[in-house]
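Here is a short briefing on one protein model. Please look over the sequence and the structure before reading on.

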Amino acid sequence: MMSEPYSLHSSASSVSAASVSKLQEESPFIPSIDSHFHLDQYEDDAIRQMMQSLPDHQVESVIAVSMNKDSCQRIEQLSRQYPGLVHPAYGYHPEQPLPSRQQTSELLEWIESRMNQLVAVGEIGLPYYLRQELAERGEKLDEAGYIQLLEQYLQLAAKHDKPVILHAVYEDADTVCQLLEDYRIRRAHFHWFKGSAVTVERMARQGYHISFTPDIVYEPEIRELAAVYPRELVMAETDGPWPFEGPFTGQSTHPRMTADVCREWAVIQGLSEYEARQILYANTCAFYQLNG
């Protein structure tokens, strides 16, 4: 759906040399962080095995996003069960039916009472794929309702100066960019982003972050974006348990796949894998204010 090629110039200038040097002195390797992961959608046994295996794969932690209130409560439980490994983000995913006013009010109050626990408000955004599905059935989406819902979560994030994790692709990203500007939210993470060159330029200009999934290995559109988006605004994610194709066909999505994202991004950027790990790790820690 891109009408023209991306034309940004990537730069790692805002990743301080001091932070990189400090990382290099403290450890012979740089860990990775999965910046967008649906941990609650895995079975208990799978979660236990996954959490135990993270150190073996040099994965420091995951940003665990939520879908709705039940999901939020499950993520909260997991963050307590695995402190330091699971960083919770609470929100309402847009690719599902609109909640009632009471449900929205209850969840917003629940989230606000836990502002000292969460690292971000999310996953929130607009339902691009649901809109497509409804259109195929001759039905129309309540776009105003979803925008109003998103605004309530943006207001909450702005009130408490929390970052937001966004599901907003293609033309929806333009609407979300405007809302972010209206609410003066600068710490915005557009996960698994796809969109026009004009939108990409706008996002980069505003300093919004994006993250790449394992499909950076085989998707031309994603590889093109990875070549130009500013280095200091990029993170790695898996969006697990979403399955991937190419060399990942048949594999259960695991945070270890952030290593594949890093490796491929390094190739695209002309960096060593070590340099790429430094940048992605520093970006994620800074954005989510991790490690103190």
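Seven of the 10 residues of helix H8 are buried, so H8 is largely enclosed by the rest of the structure. Buried means under 20% relative accessible area, exposed over 50%, and partly exposed in between (1.4 Å probe, protein chains only). Helices (H or I, at least four residues) and strands (E, at least two) are DSSP runs, numbered from the N terminus. This is a predicted model: local features need pLDDT of at least 70, side-chain atom pairs count only at pLDDT 80 or more, and totals for chains, interfaces and linings use all residues. Residues are numbered from 1 along each chain as its sequence is written, and side-chain values use heavy atoms, with hydrogens and water left out.

**Helix H8**

- The buried residues of H8 are Ala197, Thr199, Val200, Arg202, Met203, Ala204 and Gln206.
- They pack against helix H7 (171-182), strand E6 (188-191), strand E7 (209-212) and helix H9 (220-228). Contact means heavy atoms within 4.5 Å.
- Thr199 lies in H8, which spans residues 197-206. Thr199 counts as buried because its relative accessibility is 1%.
- Neighbours within four places in sequence aside, Thr199 is in contact with Ala173, Asp174 and Phe193.

**Strands E6 and E7**

- E6 and E7 run parallel and are joined by three bridges. Two strands pair if DSSP finds at least two bridges between them.
- Phe190 stands opposite Ile210 in E7.
- In a regular strand, side chains alternate between the two faces of the sheet.
- In E7, His209 and Ser211 point one way, while Ile210 and Phe212 point the other way. All of these are buried.

**Helix H9**

- Ile222, Leu225, Ala226 and Val228 are the buried residues of H9.
- Their cover includes H8, E7 and H10.

**Helices H6 and H7**

- The axes of H6 (residues 143-160) and H7 come within 11 Å and cross at roughly 35°. Axes are lines fitted to C-alpha atoms, for helices over the stretch in contact, and angles run from 0 to 180 degrees between N-to-C directions.
- H6 passes H7 in a right-handed crossing. A crossing is right-handed if the near helix is turned clockwise from the far one by less than a right angle, and left-handed if anticlockwise.
- H6 contributes Ile147, Leu150, Glu151 and Leu154 to the contact, and H7 contributes Thr175, Val176, Leu179 and Leu180.
- By class, this contact of H6 with H7 has six nonpolar, one polar and one charged residues. Ala, Val, Leu, Ile, Met, Phe, Trp, Tyr, Cys and Pro count as nonpolar, Asp, Glu, Lys and Arg as charged, and the others, Gly among them, as polar.

**Aromatic pairs**

- The structure holds nine aromatic pairs. Rings of Phe, Tyr and Trp (its six-membered ring) pair if their centres lie within 6.5 Å; planes under 30 degrees apart count as stacked, over 60 as edge-to-face and the rest as tilted.
- One of them joins Tyr128 and Tyr129 edge-to-face, at 5.2 Å centre to centre and 90° between the planes.
- Tyr128 is buried at a relative accessible area of 6%, whereas Tyr129 is partly exposed at 34%.
- Trp192 and Phe244 form a tilted pair, at 5.3 Å centre to centre and 35° between the planes.
- That pair links distant parts of the chain, 52 residues apart. Trp192 sits in the loop between E6 and H8, and Phe244 in the loop between strand E8 (234-236) and helix H10 (258-269).
- Both Trp192 and Phe244 are buried.
- Ring pairs also link Tyr128, Tyr129 and Tyr170 into a cluster.
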